[in-house]
Amino acid sequence: MSTRKAPTGTSRPTTYREALREGLREALLQDERVFLMGEDVGRYGGCFGVSLGLLEEFGPDRIRDTPLSESGFVGAGIGAALGGMRPVVEIMTVNFSFLALDQILNNAATLLHMSGGQLSVPVVIRMTTGAGRQLGAQHSHSLEGWYAHIPGIRVLAPATVDDARHMLAAALADPDPVLIFEHGGLYNAEGSLDETVDAVDLDTAAVRRSGTDVSVITYGGSLPKALAAAETLAGDGISAEVVDLRALRPLDDATVMASIARTHRAVIVDEAWRSGSLAAEISSRITEQAFYELDAPVQRVCSAEVPIPYARQLEEAALPQPATIVDAVRRTVS
């Protein structure tokens with residue numbers, strides 16, 4: 001759910017990248033404890049242009065270019081959070097986050113527990129995830145499901161310009177570590193920013209399209225593909241409800257199960273590999289909590305279990321696409 005100002009019916013076009021930048025700028029203006037740190041976030045404006053212009057506005061103390069050492073600067077961000085600051089740490093792409101996995105898993109996620117509740121770690125770590133941009137196997141991972149496995153952190157996947165604009169403020173208000181996964185294929189995506197939205201809720205999934213025949217459950221960069229598939233299916237007389245998870249840890253089981261109760265079928269779209277995926281976890285929860293609501297087995301649409309190819313045609317073939325989602329839905333409702 002969203003908290004809203006008095007309705008004015010106003011909205012304006014923007015891009016996902018610009019919405020993220022607006023959220024960062026607002027956070028820096030509203031709280032002097034907030035600062036951004038990471039590789040190339042300053043003079044270069046961020047690897048994907050999200051922080052462009054912020055160095056000139058806020059200066060190098062608050063927009064900090066760091067050495068190429070993810071373990072070092074993520075650890076520094078954790079230390080700053082322990083010291084009372086509100087750091088936003090940017091990691092270029094999700095594969096580089098593994099160089100800081102010890103800091104995230106063994107420090108940020110555990111310090112509150114291991115200190116008996118004395119040490120909160122209010123750090124926000126942003127990173128780009130996903131494939132579809134011909135960046136080769138090393139820079140095309142979708143590993144947010146791995147992080148959703150870890151207790152002690154919150155994992156977010158904004159898929160709309162409204163969530164891109166407002167999730168950061170809510171994340172900075174959280175006393176615990178928050179990881180925000182921004183799909184690289186969304187940065188240039190255009191949308192209508194609802195200017196009546198004041199804040200977003202980090203605890204609930206969102207039904208982006210209502211339907212009666214099947215629930216298509218997804219998140220992040222796969223949301224536009226799911227919505228495109230739903231439009232195609234509508235032409236065939238199949239009404240697909242599209243659920244955007246938004247938060248991957250904790251998962252909003254209630255919204256998912258309520259959707260299953262309406263449609264009695266489920267297709268889960270997850271750009272990660274199928275084995276051990278977030279899609280597998282969601283499928284298991286549906287079976288545990290809503291088995292007798294199902295009129296057909298749960299279907300999963302995931303990436304092919306290969307390193308993501310560089311060649312455009314092979315990369316597209318390896319990833320979930322609207323056509324493969326449509327095929328899975330047709331099998332489910334037939």
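1. Start with strand E15, which spans residues 266-273 in this predicted model. The strand is mostly covered: 7 of its 8 residues are buried. The structure is a prediction, so read every value here as computed from a model.

2. Next, look at the partners of E15. Strand E12, residues 214-218, pairs with E15 in the parallel sense over 3 bridges. Within that pairing, Val216 has Val267 in E15 as its bridge partner. Strand E16, residues 299-303, also runs parallel to E15, and 5 bridges join these two strands. Here Asp270 stands opposite Cys302 in E16.

3. Now follow the chain from E15 to E16. Helix H10 covers residues 278-290. Together, E15, H10 and E16 make a β-α-β unit, and the unit is right-handed. Trace it on the model: strand, helix, strand.

4. Move to strand E5, residues 86-93. How many of its residues are buried? The count is 8 of 8, and the strand is described as mostly covered.

5. E5 also has parallel partners. Strand E3, residues 34-38, pairs with E5 in the parallel sense, over 5 bridges. Leu36 stands opposite Val88 in E5. Strand E6, residues 124-129, runs parallel to E5 and is joined to it by 5 bridges. In E6, Arg126 stands opposite Glu90.

6. Helix H7 comes next, at residues 161-172. Why is this helix described as largely enclosed by the rest of the structure? Because 10 of its 12 residues are buried. The buried residues include Val161, Ala164, Met167, Leu168, Ala171 and Leu172.

7. Turn to the cores. The largest nonpolar core has 48 residues. Which residues have the most contacts inside it? They are Val74, Ile125, Tyr147, Ile217 and Ile286. As a rule, nonpolar side chains in soluble globular proteins tend to be buried together.

8. Tyr147 deserves a point of its own. It touches Val94, Ser97, Phe98, Leu101, Ile104, Ile153, Val155, Leu179 and Phe181, leaving aside residues up to four places away in sequence. Find these neighbours one by one on the model. Ser97 is one of them, and so is Phe181.

9. Aromatic rings come next. The whole structure holds 6 aromatic pairs. One is formed by Tyr16 and Tyr187. Their ring centres are 5.9 Å apart, with 65° between the planes. The pair counts as edge-to-face because the angle is over 60 degrees. It links distant parts of the chain, 171 residues apart. Tyr16 is in helix H1, residues 16-30. Tyr187 is in the loop between strand E8 (178-183) and strand E9 (190-194).

10. A second pair joins Tyr147 and Phe181. This one is tilted, at 5.7 Å centre to centre and 40° between the planes. Tyr147 belongs to helix H6, residues 144-147, and Phe181 to strand E8. The two are 34 residues apart, and the pair links distant parts of the chain. Both residues, Tyr147 and Phe181, are buried. They also belong to one aromatic cluster with Phe98 and Trp146.

11. A charge meets a ring at Phe35. The charged end of Arg64 sits over that ring, 5.9 Å from its centre.

12. Gln103 is in helix H4, residues 101-108. Its relative accessibility is 17%, so it counts as buried, the cut-off being under 20%. Gln103 and Gly75 are 28 residues apart in sequence, yet 5.9 Å apart in space, C-alpha to C-alpha. Gln103 touches Ser71, Val74, Gly75, Ile78 and Ala108, not counting residues up to four places away in sequence. Asp198 is in strand E10, residues 197-200. At 44% relative accessibility, it counts as partly exposed. Asp198 and Ala108 are 90 residues apart in sequence and 29 Å apart in space, C-alpha to C-alpha.

Notes
Residues numbered from 1 in each chain as written. Predicted model: local features only at pLDDT ≥ 70, side-chain atom pairs only at ≥ 80, totals over all residues. Heavy atoms only, no water. Core = buried A, V, L, I, M, F, W, Y, C linked by side-chain atoms within 4.5 Å. Buried < 20%, exposed > 50% of the residue type's maximum accessible area, 1.4 Å probe, protein only. Contact = heavy atoms within 4.5 Å. Phe/Tyr/Trp six-rings, centres within 6.5 Å; stacked < 30°, edge-to-face > 60°. Helix = DSSP H or I, 4+ residues; strand = E, 2+ residues; numbered from the N terminus. Lys NZ or Arg CZ within 6 Å of the ring centre and 35° of its normal. Pairing = 2+ DSSP bridges. Right-handed = clockwise from strand over helix to strand, strands pointing away.
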